[in-house]
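The paragraphs below go through parts of one structure in turn. Please keep the sequence and the 3D view open while reading.

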Amino acid sequence: MALQISPKDTDLLLKQKNVLSADVLDKYRYAGEVTQTCLQYIISLINDSYHLGKHEPYSAAELCLLGDSFMQTLINGKFKKVIEKSIAQPVTLDVNDLVVGYSPELTDDEKTNLTFKVGDIVTINLGCHIDGYTSNLAHTIVIFPSGLTPPGPLLGESSDAIVASYLANETIVTLLACALKTEKIPNSLLNDKSNRQITGSIIRNVVNAIAESFNCTVVPTSKVRRIRRFLAGQAEGVVAERDFKGVVWSEIDQEKELLKRCNFTEDGEIISNSNELITIDQNKGRSIDNPDKAIPTDDFVILPGEVYMIDIKMAPINKDEPGLYTLESLDGKTKEGFNAKHSIFIRDVSMSEQLKLRNSRRLLSLVDKHQSVYPFKLSYVSENFPLNSKGNLIEQLNHIEKDVNIFKFGLNECINKQLFVSKAILSCKFIPLKEILKVPTSTGINGYDAANPTLPGMELPLPKLGITSLKLKTLFKYGKRTVVSRYVSTVALSNEVGCVRLSGGNKLFTPSWVHTNYQLQGSIAEIVNELSALTQDERFGIKIDECNVLDISNVGEEANDMEE
Amino acid sequence: MPSKNSVNKPKDNMIRQRKSHMASKRRQRRSNTGVTIIKTSKGTNEIVPLLTNNRNKGGVIANTIISNKKAKKIERNIKYAEMRRNGNVNGKKLKVNGVVDIDMKEDGNNDNNTSGPKESAVRKALWSIVDGAKISGLTLAVASGEGTTLGGPSF
């Protein structure tokens with residue numbers, strides 16, 4: 001169902017408001033600066049408490065809350081006239097196999113509120129928006145043993161994933177910047193030399209090649225996508241987005257890759273139509289074609305004046321047997337093992353309902369008043385949020401905890417009436433191929449998992465084998481948790497100013513000390529080197545303008561107070 | 001017993017009872033007419049040829065008359081049921097007197113058996129990867145050179 005909006009409004013909201021004018025770029029830039037500053041703040045908190053041992057290690061919930069509060073204070077600091085500005089992605093700290101969404105509340109018990117261990121890799125993910133112009137950021141760091149410096153680089157599989165995802169992210173940023181100066185695109189990347197442009201398939205090939213050379217795989221839900229005002233992928237799958245532009249990795253690509261590897265049947269005879277075997281019929285199982293361009297394809301060109309979010313997640317490949325890397329959604333219901341509770345929610349603004357409980361009515365009115373279409377946590381609607389640096393911190397934290405406990409009473413009704421949609425907490429799992437092949441396809445191929453919405457066109461994870469996501473869910477018992485490294489950056493491609501990197505960047509944030517035995521080889525090494533050389537020299541190459549951290553002299557005091 | 005139009009008529013119960021009754025009747029009928037069940041051919045009769053099966057040497061008088069064709073069918077099915085019970089599912093052993101049971105597919109590798117008949121080309125091709133990995137390992141990127149290092153000795 002599409003909403004009826006007049007053509008005039010559509011033109012204003014989707015086109016004019018998305019033109020990268022100086023005003024808009026200012027908003028983007030400030031959002032970028034806030035995310036940069038907040039990341040630096042969280043890294044400093046982790047360093048102080050875990051590495052330098054200045055005080056007791058913070059738990060994940062405390063770090064998330066301190067980060068959110070810090071970010072909200074910064075957002076409130078500027079653009080006073082803009083009504084809608086808030087956190088666009090609550091601070092999540094995804095440890096090891098967790099991919100997105102782990103952001104416990106203070107009320108969580110010790111089992112679900114983790115404290116990190118030495119050797120863990122933690123992905124800090126956060127984002128904010130000013131007037132709908134969003135900047136998202138994710139950065140993976142390593143928890144080292146405490147001391148003045150790390151005793152040595154992290155080795156092993158986790159480091160493979162970190163290096164691969166970091167390099168892929170940096171390379172794609174440069175590649176996107178090349179869209180502004182198409183003559184700089186490395187020739188080896190282009191199929192057609194006369195037609196110099198960056199397309200979706202180039203991006204996919206580069207990322208896949210980098211992953212392959214580090215013995216990694218690109219985890220499903222990784223994407224390089226265009227973002228627009230209020231459309232930053234915060235409700236993917238819940239709301240279908242028209243004119244989606246982006247490369248998305250999913251299980252479908254892994255299946256395609258596996259099928260490419262085997263040209264032989266069991267009897268040793270070559271399948272003559274091996275080409276036919278690997279091409280996937282995009283229209284199969286779907287009654288509609290793609291009129292609104294809501295189904296992602298690689299068939300697009302990156303144009304100046306657009307803003308892109310690069311979200312690359314990599315997992316090391318299992319060396320023992322072939323298999324599929326997929327995502328399990330944790331719901332906090334079963335008590336065995338680690339199973340985090342949902343803590344991030346989105347208000348589904350298309351739903352309205354008369355609620356029965358007083359607590360739920362209060363929660364709903366607070367959410368409607370303070371939150372917008374972006375995800376939020378229960379602590380955001382507490383009166384004591386953001387924390388006031390001048391007051392007593394412990395007291396405020398206790399108040400927030402108390403408020404969250406009260407909101408929890410009303411939460412269930414809001415979720416049951418579908419006013420709130422909870423954001424999934426995903427964990428990466430490796431499922432051996434042989435277990436998948438043993439499963440029959442008797443349930444039919446049209447069953448889809450309503451609890452975990454996907455982008456349109458990706459409902460069926462393994463279309464060639466005909467295995468649905470519900471069927472795949474039953475195989476998680478054979479699954480093995482796999483570490484994932486993730487880097488997210490946001491890049492604005494402006495015709496006037498050039499490429500502005502809103503978040504991330506190697507000048508501000510050096511990656512953690514890691515070493516892998518693999519290195520880039522062959523053509524991809526040349527391409528990556530060529531691209532990184534372009535960014536070294538501004539005169540002949542490409543200038544990438546990285547957003548700086550804000551001057552936090554007054555907020556800095558607050559940070560110090562918090563640490564005490 | 002509440003009347004037909006009563007408000008508190010136990011409608012659910014009645015429907016459930018009727019359905020289970022019908023189901024049991026159907027089950028009964030099916031078991032009577034099933035081809036592998038030898039109830040209908042328990043004895044010897046002029047109309048029914050003597051069964052080769054040893055169990056039926058009882059000399060019980062049958063009270064149902066079945067056709068010659070049906071009798072042949074039953075006989076054949078008993079034979080195959082016996083073989084299945086003995087575990088001779090292998091294709092070669094199945095070939096008795098030049099007859100091959102069409103129900104039994106010739107499946108070489110037992111643990112690669114998928115449960116459905118939908119063993120498609122895709123599945124077969126993917127099984128070859130699994131088997132290939134068992135023998136020769138996965139094709140992986142080779143670690144070479146000095147490797148790659150990111151970052152440096154600081155937090």
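This is a predicted model. Begin in chain A with helix H4 (residues 157-178) and helix H12 (residues 522-536), whose axes come within 10 Å and cross at roughly 65°. Angles from 65 to 115 degrees count as roughly perpendicular, so H4(A) is roughly perpendicular to H12(A). The crossing of these two helices, H4(A) and H12(A), is left-handed. On the H4(A) side the contact is made by A:Thr171, A:Thr174, A:Leu175 and A:Cys178, and these meet A:Val528, A:Leu531, A:Leu534 and A:Thr535 of H12(A). Sorted by type, the residues of this contact between H4(A) and H12(A) are five nonpolar, three polar and no charged.

Helix H2 (residues 22-51) of chain A and H3(A) have axes that come within 10 Å and cross at roughly 150°. Angles over 145 degrees count as roughly antiparallel, and H2(A) and H3(A) are therefore roughly antiparallel to each other. The crossing in which H2(A) passes H3(A) is right-handed. From H2(A), the residues in this contact are A:Tyr30, A:Val34, A:Thr37, A:Cys38, A:Tyr41, A:Ile42, A:Leu45, A:Ile46 and A:Tyr50; from H3(A), they are A:Leu63, A:Leu66, A:Gly67, A:Phe70, A:Met71, A:Leu74, A:Ile75 and A:Gly77. The contact of H2(A) with H3(A) divides into 14 nonpolar residues, three polar and no charged.

A:Phe79 lies in the loop between helix H3 (60-77) and E1 of chain A. The phi angle of A:Phe79 is positive, about 50°, although this residue is not a glycine.

Now turn to the strands. Strand E1 (residues 85-95) of chain A is joined to E3(A) by eight bridges, and the two run antiparallel. One pair to look for is A:Ser86, whose bridge partner in E3(A) is A:His129. E3(A) is also joined to strand E4 (residues 133-142) of chain A, by 10 bridges and again in the antiparallel sense. On that side, the bridge partner of A:His129 in E4(A) is A:Thr134.

How many residues of strand E3 (residues 121-130) of chain A are buried? The count is 10 of the 10, so E3(A) is largely enclosed by the rest of the structure. Both faces of the strand E3(A) are covered. On one side the buried residues are A:Ile121, A:Thr123, A:Asn125, A:Gly127 and A:His129, and on the other they are A:Val122, A:Ile124, A:Leu126, A:Cys128 and A:Ile130.

The hairpin of E3(A) and E4(A) has two residues between its strands. A:Asp131 is found in this loop between E3 and E4 of chain A. Like A:Phe79, A:Asp131 is a residue other than glycine with a positive phi, here near 60°. Is A:Asp131 buried or exposed? Residues under 20% relative accessible area count as buried; A:Asp131 has 13% relative accessibility and so counts as buried.

Another sheet of chain A is open and has three strands, in the order E11-E10-E12, with antiparallel pairing. Strand E11 (376-377) and strand E12 (420-422) stand at its edges with a single partner strand each, so one side of each has no neighbour in the sheet. Strand E10 (residues 344-347) of chain A pairs with E11(A) in the antiparallel sense over two bridges. In one of these positions, A:Phe345 has A:Phe376 of E11(A) as its bridge partner.

The loop between E11 and helix H9 (393-416) of chain A holds A:Pro386. A cis peptide bond joins A:Phe385 to A:Pro386, with omega about -5°.

Further along chain A, A:Lys543 is placed in the loop between H12 and strand E18 (544-546). At 48% relative accessibility, A:Lys543 counts as partly exposed. Apart from neighbours within four places in sequence, A:Lys543 is in contact with A:Cys499 and A:Glu538. A:Lys543 and A:Ile310 are 233 residues apart in sequence, and their C-alpha atoms are 18 Å apart in space.

Chain B remains. The secondary structure of chain B consists of four helices and three strands, and from the N terminus on the elements run α-β-β-α-α-α-β. Of the 155 residues of chain B, 23% count as buried. Among the contacts in chain B with a separation of 6 or more, 25% are between residues 24 or more positions apart.

Conventions
Residues are numbered from 1 along each chain as its sequence is written. Chains are lettered from A and ligands numbered from 1 in the order in which they are written. This is a predicted model: local features need pLDDT of at least 70, side-chain atom pairs count only at pLDDT 80 or more; totals for chains, interfaces and linings use all residues. Side-chain values use heavy atoms; hydrogens and water are left out. Axes are lines fitted to C-alpha atoms, for helices over the stretch in contact, and angles run from 0 to 180 degrees between N-to-C directions. Angles under 35 degrees count as roughly parallel, over 145 as roughly antiparallel, 65 to 115 as roughly perpendicular and the rest as oblique. A crossing is left-handed if the near helix is turned anticlockwise from the far one by less than a right angle, and right-handed if clockwise. Contact means heavy atoms within 4.5 Å. Ala, Val, Leu, Ile, Met, Phe, Trp, Tyr, Cys and Pro count as nonpolar, Asp, Glu, Lys and Arg as charged, and the others, Gly among them, as polar. Two strands pair if DSSP finds at least two bridges between them. Buried means under 20% relative accessible area, exposed over 50%, partly exposed in between (1.4 Å probe, protein chains only).
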